[in-house]
Amino acid sequence: MPAKKNCIPHYNTLTYIVCLVIVCLVFFPEKTLAQKKNLRELGVPSGITQPGTFNGITDVKGVLVGHTTLIKGDSIRTGVTAILPFKGNIFQQKVPAAIFIANGFGKLTGYTQVQELGNLETPIILTNTSGNRACLLENI
């Protein structure tokens, strides 16, 4: 069978989307990157209550949030955030919990316990993967 002449190569949908994004960023940067708005600012309601003063977890009554940052020299930039759902003993008074994994990146400890038991009995500690030990040890 002879080869077809003047054929347009077949590209998948992802290729077209990537090309479209690149064209938009190159020719219309002020339109695509100008103002980032969240859904609430675009008029899409989120939940049944209004956001708090800071629109953050610190607005939730009773939730305790602590944070520390470690900066040493020119190469160490790390930090840790601890979240407690209330002031009491979380091990004795477990809190109902669930986990949703959005992209599967990162390290997660305690997932199976929350998945199987449906509760949380430890603080939630957020840190970066490579710097967590340095930051935690510095603040002991």
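**Close-up 1. Thr 81 sits in strand 2, which spans residues 76-84.** Strands here are DSSP runs of E with at least two residues, helices are runs of H or I with at least four, and both are numbered from the N terminus. This is a predicted model, where local features need pLDDT of at least 70, side-chain atom pairs count only at pLDDT 80 or more, and totals for chains, interfaces and linings use all residues. Residues are numbered from 1 along each chain as its sequence is written, and side-chain values use heavy atoms, leaving out hydrogens and water. Thr 81 counts as buried because its relative accessibility is 19% (buried is under 20% relative accessible area, exposed over 50%, partly exposed in between, with a 1.4 Å probe and protein chains only). Its side chain makes a polar contact with the side chain of His 67 at 2.8 Å; such a contact is a pair of N or O atoms within 3.5 Å, and within protein one must be able to donate a hydrogen and the other to accept it, with residues adjacent in sequence counting only if both atoms are side-chain atoms. Leaving aside residues up to four places away in sequence, Thr 81 touches Val 65, Gly 66, His 67, Ile 124, Ile 125 and Leu 126 (contact means heavy atoms within 4.5 Å).

**Close-up 2. Five residues form the largest nonpolar core.** Look for Phe 86, Ile 90, Val 95, Val 114 and Leu 120. A core of this kind is a set of buried Ala, Val, Leu, Ile, Met, Phe, Trp, Tyr and Cys residues joined through side-chain atoms within 4.5 Å. With residues up to four places away in sequence not counted, the neighbours that Ile 90 touches include Val 95, Leu 120 and Glu 121.

**Close-up 3. Glu 121 and Lys 94 meet in a salt bridge, 3.2 Å from N to O.** The pair links distant parts of the chain, 27 residues apart: Glu 121 is in the loop between strand 4 (119-120) and strand 5 (124-127), and Lys 94 in the loop between strand 2 and strand 3 (95-96). The count comes to one salt bridge, defined as a side-chain nitrogen of Lys or Arg within 4 Å of a carboxyl oxygen of Asp or Glu. Glu 121 is buried at 16% relative accessibility, whereas Lys 94 is partly exposed at 38%.

**Close-up 4. Asn 55 has a positive phi, near 50°.** This residue belongs to the loop between helix 2 (29-33) and strand 1 (64-72). Asn 55 is partly exposed, with a relative accessible area of 46%.
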